[in-house]
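Student: I'd like to learn how to read strands, salt bridges and surface patches in a model. Could you walk me through one?

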Amino acid sequence: GPIKRIKMSFFYFGTDTISWPYNDSVSSKWKDGCAELSAQVYLREKGDSKTYLRLNYNFLRDLDNHPSGFMERWSELGLVHEFNKHNAVHIGQTYRLPITLEGYKNTSALDMPTRTQIGRTYGNTRSFGVRYMGNYKYADFDLGVYNSTRYWRKFNGNGGDFSGIVRFYPFANLDKDKWGKITIGSTLNAGRNDNQYVVSSVFLGYDYKRFHNLFEYAHANGYNNDTTCSSAVSEGFYDTMMFDITKKLQLVGRFDYLNANVEKKTGNISREYSVGLNYRINKNLRLLGSYMFRQLTDGTYSHAVALQAQVKI
């Protein structure tokens, strides 16, 4: 028949967050973040299979005011064709949109149980469209045009959307044990939904043996996430430092800053100081834990401990 083979997988992660806000009582809440069944359906072709369907359904996704409880749970529903090992085109809804590097990352690749403030405010969302991806020794990119609504809210949409990321690896031809690895890049998201929006970011990463560091700054003239299309001007940045204690155990620290509305003078800045440990039991099971202190410019603050389990089958 037309199907050559099918690769299936299941991914689950859940997080228990214990928090004690300023002048309030301690609370604990377990949240099932994702229960996702995935399939890659490879079509029969002459030679190697280069065309396949990506199907990914998250049974737990529940977005506010989404018109369809069935369609909102499709994380991926798209067709991929690989022209060669360096170039591919995606049609439909597949990977997260490259809105900041942190918002583009797969959940299983996050450094801490929670995304950074710019990652969870601007990014970590998907839409359907056409994207072109390239992967080379010194650079890679992901460029696409999409519907400006998120997760199949409207097929006609309220406008168009461009999202792209470009990364450069200037040390790609050097000995990484001697020189390390440098990643330099930028992301851009621009479009119109309820209002116009432009989100841009620049980032710099450095990996040397057991030490890793990633810095990213983002600026937004409006943004468009899962549930909100905002016109606010905002900005933020983070710096994440990691040290591999062993091959399985990693120490992580992060400073995270967000000004939710730069046009207002007070009460919009949030600073988060986090430290955590990641333990990879094997390639299919990963445990993450972190402590975070959040400080707001209105004088309030809070503490939180997050414990997360990730399981792949």
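Student: How many bridges join strand 13 to strand 14?

Tutor: Strands here are DSSP runs of E with at least two residues, numbered from the N terminus, and two strands pair if DSSP finds at least two bridges between them. Strand 13 (residues 249-259) and strand 14 (residues 269-282) run antiparallel and are joined by 11 bridges. Within that pairing, V252 has G276 in strand 14 as its bridge partner. Strand 14 also pairs with strand 15 (residues 285-296), again in the antiparallel sense, over 12 bridges. A hairpin of two residues connects strand 14 to strand 15, and R280 has R286 in strand 15 as its bridge partner.

Student: What kind of model is this?

Tutor: It is a predicted model, in which local features need pLDDT of at least 70 and side-chain atom pairs count only at pLDDT 80 or more, while totals for chains, interfaces and linings use all residues. Residues are numbered from 1 along each chain as its sequence is written, and side-chain values use heavy atoms, with hydrogens and water left out.

Student: How many salt bridges are there?

Tutor: The general idea is that side chains of opposite charge can pair when their charged atoms come close. The rule asks for a side-chain nitrogen of Lys or Arg within 4 Å of a carboxyl oxygen of Asp or Glu, and the count comes to nine salt bridges. In one of them, the closest N and O atoms of E36 and R61 are 4.0 Å apart. E36 lies in strand 2 and R61 in the loop between strand 3 and strand 4, so this pair ties together parts that are 25 residues apart in sequence.

Student: Is E36 buried or exposed?

Tutor: Buried means under 20% relative accessible area, exposed over 50%, and partly exposed in between, with a 1.4 Å probe and protein chains only. E36 counts as buried at 9%, and R61 counts as buried at 11%.

Student: Which residues form the positive surface patch?

Tutor: Patches are made of residues with over 30% relative accessible area and no salt bridge, joining like charges within 9 Å and nonpolar side chains (Val, Leu, Ile, Met, Phe, Trp, Tyr) within 5 Å. K4, R5, K7 and R44 form the positive one. R44 sits in the loop between strand 2 (27-43) and strand 3 (51-58). There is also a nonpolar surface patch, with L188 among its members. L188 belongs to strand 9 (residues 181-192) and is partly exposed at 35% relative accessibility.

Methods:
Accessible areas come from the Shrake-Rupley method with a 1.4 Å probe; for residues, only the protein chains shown count as cover. Lys and Arg count as positive and Asp and Glu as negative; His and the chain ends are not counted. The place of a charge is taken as NZ of Lys, CZ of Arg, CG of Asp or CD of Glu. Helices (H or I, at least four residues) and strands (E, at least two) are DSSP runs, numbered from the N terminus.
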